[in-house]
Amino acid sequence: MCDMIEPQPPQKLSKMKKLRRTLSESFSRIALKKDENTIDEICVTKMSTRNYQGMDSVIKPLDTIPEDKKVRVQRTQSSFDPFEKSANQPTSPKFGKADSYEKLEKLGEGSYATVYKGKSKVNGKLVALKVIRLQEEEGTPFTAIREASLLKGLKHANIVLLHDIIHTKETLTLVFEYVHTDLCQYMDKYPGGLNPDNVKLFLFQLLRGLAYIHQGHILHRDLKPQNLLIGDTGELKLADFGLARAKSVPSHTYSNEVVTLWYRPPDVLFGSTEYSTCLDMWGVGCIFIEMIQGVAAFPGMKDIQDQLERIFLILGTPNEETWPGVHSLPHFKPDRFTQYGPKNLRQAWNKLSYMNHAEDLASKLLQCFPKNRLSAQAALNHDYFSDLPPRLLELSDMSSIFTVPNVKLQPEAGDSMRMFGKNHSFSKSLSNSKH
């Protein structure tokens, strides 16, 4: 089951002025720093939604994680890694320099960043340039600090790779690997639901990436199809870590204003601020259903009340017996909800019955009581994946599942593998678009 957070005493906070100066100095060195074994110290902000409402903009170091719990990571073997430079690399152009990248086209613009398709002058590879505008009176946006700090330590085939960081007086540019599309756009092409074999491969990769970050004591907190990038061979990558945070930071309360409404679990909708990896696992269940059915699992149209009603209509209205402690949650008012009994999931989503063990897996992810939700690692070992090659569970972090023989995406219904168009939506998960 999901890991839970143990409350710990808060630490004394440093002043913001000193903090911003420290961050400025650290960003100028970040692309050159090399650490072969453990994740570098990570600065994490206490934030919620991208519109910065209800925030306390405090940054706390991740060096409070005990040494025996710091996750070891494998550096990528790609030739495009600014942290692994060879002595023979030309002195110009260089990583960490703005003139080392050529902007090819604008992909999108969000509330605090503009995303461009670009090309590296160092090796000619395509990149995505997330250019974050800095204002002297406001400093660096905290979602950018969080995203850069976390991603520079994450090396996994199913997590978008941060190649480089460029810090100037006016901008902070995050240089990512270029990925063609995202799961939202992919599903839009096939509104009737995806090929069952492809659903299984996408879900396996999502769980694989989550198991990796959860092992490293990191929560994503914003799982939705727009934040799952899909490469041209079908490789799925977790992206947009602007709302992610380390769950080992001493403060054990989190903002409940996280996760797009459709993918937000009932405990958070009820105002819970004490949660852990279970938060992400609810989102996995919602995305699983959406890939199979072709429509969102719980598409609330009005407000939080409507969202909860849609959930309870299928899973049953909770009480103290089915969900111990639910009555103590801030926004739980039992008289406001119709009393529904739980249904078999296939009654709501008929296509679950077409796939062996799919209904059982979905039911173990979509649990209203957070502690009952299956963990990412446990889900990878569920019978639903029993017909996949066992070797997939033995891959190294940086190895794609598509390196295993006979593992490949299948044609979708009515489509001869014309999977990816020219309407790139990578910018959706990078430029901080509205929920």
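Mentor: Gladly! Let's begin with confidence, since this is a predicted model. Over residues 5–17 the pLDDT stays under 50, and the model gives that stretch 18 contacts beyond four places in sequence.

Trainee: How many contacts beyond four places in sequence does the model have for residues 417–427?

Mentor: There the model has 36 such contacts, and the pLDDT again stays under 50. For the protein chain as a whole, pLDDT averages 77, and 68% of the residues score at least 70.

Trainee: That helps. Now to the charged side chains: how many salt bridges does the structure hold?

Mentor: It holds 9 salt bridges. To call one, look for a side-chain nitrogen of Lys or Arg within 4 Å of a carboxyl oxygen of Asp or Glu.

Trainee: Which other residue forms a salt bridge with E109?

Mentor: That is R133, with 3.7 Å between the closest N and O atoms. E109 belongs to strand 3 (residues 101–109) and R133 to strand 5 (residues 126–133), so this pair ties together parts that are 24 residues apart in sequence.

Trainee: Are these side chains buried or exposed?

Mentor: The general idea is that under 20% relative accessible area is buried, over 50% is exposed, and anything in between is partly exposed. E109 is partly exposed because its relative accessibility is 48%. K106 is also partly exposed, with a relative accessible area of 48%. R133, at 33%, counts as partly exposed too.

Trainee: And what about the salt bridge between R373 and D267?

Mentor: Their side chains meet at 2.7 Å, N to O. This pair links distant parts of the chain, 106 residues apart: R373 sits in the loop between helix 9 (358–365) and helix 10 (376–380), while D267 lies in helix 5 (residues 266–269).

Trainee: Why does R373 count as buried?

Mentor: Because its relative accessibility is 0%. D267 is buried as well, with a relative accessible area of 3%.

Trainee: One last thing: which residues do salt bridges with shared partners join into one network?

Mentor: K106, E109 and R133.

Definitions and conventions:
Residues are numbered from 1 along each chain as its sequence is written. This is a predicted model: local features need pLDDT of at least 70, side-chain atom pairs count only at pLDDT 80 or more; totals for chains, interfaces and linings use all residues. Side-chain values use heavy atoms; hydrogens and water are left out. pLDDT is the predictor's confidence in each residue, from 0 to 100. Contact means heavy atoms within 4.5 Å. Buried means under 20% relative accessible area, exposed over 50%, partly exposed in between (1.4 Å probe, protein chains only). Helices (H or I, at least four residues) and strands (E, at least two) are DSSP runs, numbered from the N terminus.
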